[in-house]
Amino acid sequence: MKFHPRRTIRALLPPLAAGLALTALPAPTAQAASTLTNGGFESDGTGTATPAGWSEYGDTGASYTEPGGHGGSYRLSHYASSAYKVETYQYLSGLTNGTYTLTAWVRSSGGQKAAYMSLKNCGSAEQRTDLPVSSSGWIRIVTSVKVTNNQCTISVNSDANAGDWINVDDLTFSSGTTGTSIHGADISSLAKSEAKGGVYRTGSGTTGDALSILKSSGMNYARLKVWVNPADGFNDKAHVLATAKRVKAQGMKLLVDFHYSDSWADPGQQNKPAAWAGHTYSRLKTDVYNHTYDVLNALKAQGTTADMVQVGNEINGGMLWSEGSTDNWSRLAGLINSGYDAVKAVNPSTTVALHLAKGGDRAGTEWWFDNAVANGVRFDAIGLSYYGYWHGPLSDFQSTLDDAASRYGKPVFVAETAYPFRLDSDDALTNQIDTTGELVSGYPATVAGQTKWMNDVASIVEAVPNGRGLGVFYWEATWTAVTGNGWDPADATSGNGWENQALFGYDDRALSSMTWFGHR
């Protein structure tokens, strides 16, 4: 993440009450079968009120087929010029018990009270996935369920205001499961926040340990940055070691994010640590190895071995400029591989990730990793920063993520994302995102908007083919407005322009948006 005193350069909503769902269905129709019928909505042509193989309930005039499909000529749409509630569903029977996955391509105007796919009446708990807001590009979503009674109902639901719409197409229902393993957050700010008097509370207002509160909401992985010799003494080796003990005590996994700098390293700055200034390229390779090995070996020695390591942070233009710039790929490759070798020397099973801030830039991501591969760079996983208000629409994010996983045969994850729950500041510094014009369309700056953003991003990672989507890290969950814990480690008076994107509110209470950690 790049942080400045001012900007330089946008699934669920809280679970719907059962009364909102359209569950009072008529008896299953004679079309029930063990395979999905007409999943591409191609059987009927334009304007069909009830597509072949499907049934409808509610305001049925709002459910119909029309031209403009994802893969074929037609699609299912929900729309009406007045408020409506409708469900389009298909009952399947004769299923072999086991785990099944529904895949669908969707678009949505947003604004609905509810718009989701569900798998229900399957003998296990109903499984839902909200439709991400995407008015142009199609987005693939997946939902898995365990069938224990040889049947299941596939359901497309809208509880919408006048003019709201969804498009759904190319549904498949087959054996298999989905899910992600990383439901994480960067908590690099925590140690300094607490040292400066920061307090964290449960949603009900009880003071508690921030990590315990996050863990109780489902967080299972913590990300900690490490600087070489920061001016404020935080985010250094000693503080990473201390916080790592707390992380592992909560049963969480640990990602260590090496910035190879004394302060922020990001696409706009990759400054060498002062102690390494003037070193030759050969010496810099040794510096990278020794520093990486030193921190990770100390973590291992205290019983908190890193599970994943980033060799560099948002290294779009390389690292340790100018020697490690992408203007000289062979040298950049040597520096990255020094870090890789150090990680593996401490623990061969630790995952090494390379991290770019190009979550919506497929061409840029390809250019970077094609060069990396051509120059022999070694890595195990790809991490991308994706902030919707900077990096483009969700459909571009999905395209970039899917392409990276397929093109390089590596698992992918979101190393950083976030969304505001309000726009005003809790300190004197103007927030990075502070106007409605900067928001992603369909995602308001509310707790509900923050929740939906996180669940929709997580849904896209979950849908990466072949199980290569690892999950998501939220940035920066614990960075509330605490005097002395500003963005500049060299300036104790600097403020925080990010507190409106933390997962704790201005009253220090845990926000209900933490429920995103429970995403599959």
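Modeller: Once residues up to four places away in sequence are set aside, Val 168 touches Phe 41, Arg 75, Leu 76, Ala 104, Trp 105, Val 106, Met 117, Leu 131, Trp 138 and Val 156, where contact means heavy atoms within 4.5 Å. Val 168 belongs to the largest nonpolar core, which has 121 residues; together with Leu 171, Phe 173 and Trp 368, it touches the most other members. A nonpolar core is a set of buried Ala, Val, Leu, Ile, Met, Phe, Trp, Tyr and Cys residues joined through side-chain atoms within 4.5 Å; buried means under 20% relative accessible area, exposed over 50%, and partly exposed in between, with a 1.4 Å probe and protein chains only. Helix α5 (residues 329-346) gives this core its largest share, eight residues. Helices (H or I, at least four residues) and strands (E, at least two) are DSSP runs numbered from the N terminus. A second core, separate and of 10 residues, includes Ile 182, Leu 255, Met 308 and Phe 413.

The model is predicted: local features need pLDDT of at least 70 and side-chain atom pairs count only at pLDDT 80 or more, whereas totals for chains, interfaces and linings use all residues. Residues are numbered from 1 along each chain as its sequence is written, and side-chain values use heavy atoms, with hydrogens and water left out.

Trp 368, one of the core residues named above, is also among the buried residues of α6, with Gly 364, Thr 365, Glu 366, Phe 369 and Ala 372. The buried residues of this helix pack against α5, β15 (351-356), β16 and α8. The end C-alpha atoms of α6 are 18 Å apart, which agrees with the 18 Å that its 13 residues should span at 1.5 Å a residue; the expected span is 1.5 Å times one less than the number of residues. Just after α6, Gly 376 takes a positive phi of about 75°.

Helix α8 (residues 394-408) is a packing partner of α6. With 11 of its 15 residues buried, α8 is largely enclosed by the rest of the structure. Those buried are Leu 394, Ser 395, Phe 397, Gln 398, Thr 400, Leu 401, Asp 402, Asp 403, Ala 404, Ala 405 and Tyr 408. They pack against β5 (98-108), β8 (134-147), α6 (362-374), β16 (381-385), β17 (412-417) and α9 (447-462). From first C-alpha to last, α8 reaches 21 Å, close to the 21 Å expected.

Strand β15 contains His 355, which is buried with a relative accessible area of 0%. Beyond four places in sequence, its contacts include Arg 223, Gln 310, Glu 314, Ser 385 and Glu 416. The C-alpha atoms of His 355 and Val 412 are 10.0 Å apart, although 57 residues separate the two along the chain.

Glu 314, one of the contacts of His 355, lies in the loop between β14 and α5. Glu 314 counts as buried at 3% relative accessibility, and its phi is near 45°, a positive value in a residue other than glycine. Leu 320 is found in the loop between β14 and α5; it is buried with a relative accessible area of 1%, and its phi is positive, near 50°. The peptide bond from Trp 321 to Ser 322 is cis, with omega near 10°, and Ser 322 is placed in the loop between β14 (308-311) and α5. Most residues other than glycine have a negative phi, and most peptide bonds are trans.

On a 1 Å grid over the protein atoms alone, a cavity is a set of points where a 1.4 Å probe fits but cannot get out, and lining residues have an atom within 4 Å of a point. Grid points are joined across faces, edges and corners, and a volume is the space filled by probe spheres set on the points. The largest cavity has a volume of about 130 Å³. Of its 16 lining residues, Lys 225, Asn 235, Trp 264, Asn 485 and Gly 486 lie nearest its centre.

Notes:
On a 1 Å grid over the protein atoms alone, a cavity is a set of points where a 1.4 Å probe fits but cannot get out, and a pocket is an open set with protein on both sides within 12 Å along at least five of seven lines; lining residues have an atom within 4 Å of a point.
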